[in-house]
Amino acid sequence: RFIAKPCAINLGIQDSGPHRAQPNAILEKVFTSITKSPDGKRLEGLSKQLDWDVRKIQRWFRQRRNQDKPTTLTKFCESMWRFTFYLSIFFYGIRFLWTAPWFWDTRQCWYNYPFQPLTSRLYYYYILELAFYWSLMFSQFTDIKRKDFLIMFVHHLATIGLITFSYMNNMVRVGTLVLCLHDASDFLLEAAKLANYAKYQRVCDAFFMLFGVVFIVTRLGIYPFWILNTTLFESWELIGPYPSWWLFNGLLVTLQVLHIIWSYLIIRTASKALVRGKVSKDDRSDVESSSEEEDVTPNSTKGVFSTSSNGSNRLNGHVAGGQWTGE
């Protein structure tokens with residue numbers, strides 16, 4: 001409120017939403033009581049009832065849906081908050097782990113287990129991360145529902161489960177490695193989104209590409225060959241198959257499956273960006289283009305459209321702004 005909003009205003013981001021739909025009692029009743037996305041048969045019926053063109057009715061529903069979505073200013077402030085948290089917690093974790101012996105030798109995670117001291121810095125690191133992911137879990141139900149809602153829900157559940165479970169079982173050493181590794185790329189993503197909202201396209205593209213590289217290196221390289229290696233093999237060698245070994249590693253492997261899915265989506269978005277010259281629309285956009293409604297009509301055509309002014313597209317929050325080819 002006191003930092004992000006003034007920054008957004010100085011960057012020229014206006015606190016204005018999309019174009020509001022024309023007041024219409026019949027369409028409003030259909031929108032609130034029946035469906036927010038009417039099919040072709042219902043559109044034809046409404047067209048005859050109102051003596052409106054089908055495309056005009058499609059446009060009305062699109063505008064009505066968009067007017068309930070947050071403005072670019074709201075999204076900028078949210079992204080700036082997340083950027084601040086991710087950046088701060090990442091550097092806090094790096095500073096804390098740099099002097100920790102298990103950061104350089106993962107076998108140290110299991111020496112003298114479970115009789116390992118819990119320092120105050122380690123405790124606060126865990127509590128901050130747990131509180132933040134609980135906030136993401138709750139806010140997911142109040143935010144706009146996106147196409148990867150289920151994947152994100154599973155991710156938050158697995159993350160909260162891992163943080164809580166590792167804390168209860170005093171597996172905090174390996175837990176800090178997992179947390180720091182996941183924070184390494186998140187602040188780059190939020191920086192890309194901030195640049196996108198401010199319409200700095202080249203800066204946005206640069207941050208997104210850097211985010212993609214860091215994400216793939218950490219989640220497909222370091223995570224399986226460093227983290228999973230110590231939890232699956234080194235722990236088995238040093239302390240044996242402890243009772244919670246299967247559950248703990250099951251949650252870690254679940255995260256790895258999600259990493260593979262998201263890496264595929266990032267690579268696909270980045271490849272489109274290289275072809276088109278900018279980060280393009282992804283598959284889980286929360287911004288609707290007029291073409292998305294009009295493609296159900298028999299006279300729809302192909303063309304290039306710009307994203308609407310009330311926000312940007314996201315891919316697991318992955319930013320994607322600019323023009324895109326719609327069908």
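Helices (H or I, at least four residues) and strands (E, at least two) are DSSP runs, numbered from the N terminus. With that in hand, here are the views.

This is a predicted model, in which local features need pLDDT of at least 70 and side-chain atom pairs count only at pLDDT 80 or more, while totals for chains, interfaces and linings use all residues. Residues are numbered from 1 along each chain as its sequence is written, and side-chain values use heavy atoms, with hydrogens and water left out.

View 1. Starting at the N terminus, the elements follow the order α-α-α-α-α-α-α-α-α-α-α-α-β-β. Of the 327 residues, 51% count as buried (buried means under 20% relative accessible area, exposed over 50%, partly exposed in between, with a 1.4 Å probe and protein chains only). Now look at contacts (heavy atoms within 4.5 Å): among those with a separation of 6 or more, 77% are between residues 24 or more positions apart.

**View 2. UniProt lists four stretches as "transmembrane region".** The unreviewed entry gives residues 83–103, 123–142, 207–226 and 246–267; UniProt positions are given in the numbering used here, feature names are shortened, and annotations may be inferred rather than shown by experiment. In the model, residues 83–103 are 86% helix and 0% strand, with end C-alpha atoms 24 Å apart. Residues 207–226 are 100% helix and 0% strand, and here the end C-alpha atoms lie 26 Å apart.

**View 3. Helix α2 (residues 25–33) has buried residues Leu27, Val30 and Phe31.** These three sit on the same side of α2 because they cover an arc of only 100° around the axis (the arc is that of the directions from the helix axis to the C-beta atoms). Turn to the other side of α2 and you find Ala25, Lys29, Thr32 and Ser33, which are exposed. The cover over the buried residues of α2 includes α3 (40–50) and α4 (54–66).

**View 4. The largest cavity has a volume of about 140 Å³.** On a 1 Å grid over the protein atoms alone, a cavity is a set of points where a 1.4 Å probe fits but cannot get out, and lining residues have an atom within 4 Å of a point. Grid points are joined across faces, edges and corners, and a volume is the space filled by probe spheres set on the points. By this rule there are 2 cavities of 30 Å³ or more. The largest cavity is lined by 14 residues, and Thr159, Leu162, Ile163, Val178 and Leu179 lie nearest its centre. Two or more lining residues come from each of α7 (120–139), α8 (149–168), α9 (172–197) and α11 (245–276), with α8 giving the largest share, 5 residues. The lining has 9 nonpolar, 5 polar and no charged residues (Ala, Val, Leu, Ile, Met, Phe, Trp, Tyr, Cys and Pro count as nonpolar, Asp, Glu, Lys and Arg as charged, and the others, Gly among them, as polar).

**View 5. A cis peptide bond joins Tyr113 and Pro114.** Its omega is about 5°. Pro114 belongs to the loop between α6 (101–104) and α7. Most residues other than glycine have a negative phi, and most peptide bonds are trans.

**View 6. Asp51 has a positive phi of about 60° although it is not a glycine.** Look for Asp51 in the loop between α3 and α4. Asp51 is exposed, at 71% relative accessibility.

**View 7. Lys199 has a positive phi of about 70°, and it is not a glycine either.** You can find Lys199 in the loop between α9 and α10 (201–239). With a relative accessible area of 69%, Lys199 is exposed.

Note on methods: On a 1 Å grid over the protein atoms alone, a cavity is a set of points where a 1.4 Å probe fits but cannot get out, and a pocket is an open set with protein on both sides within 12 Å along at least five of seven lines; lining residues have an atom within 4 Å of a point.
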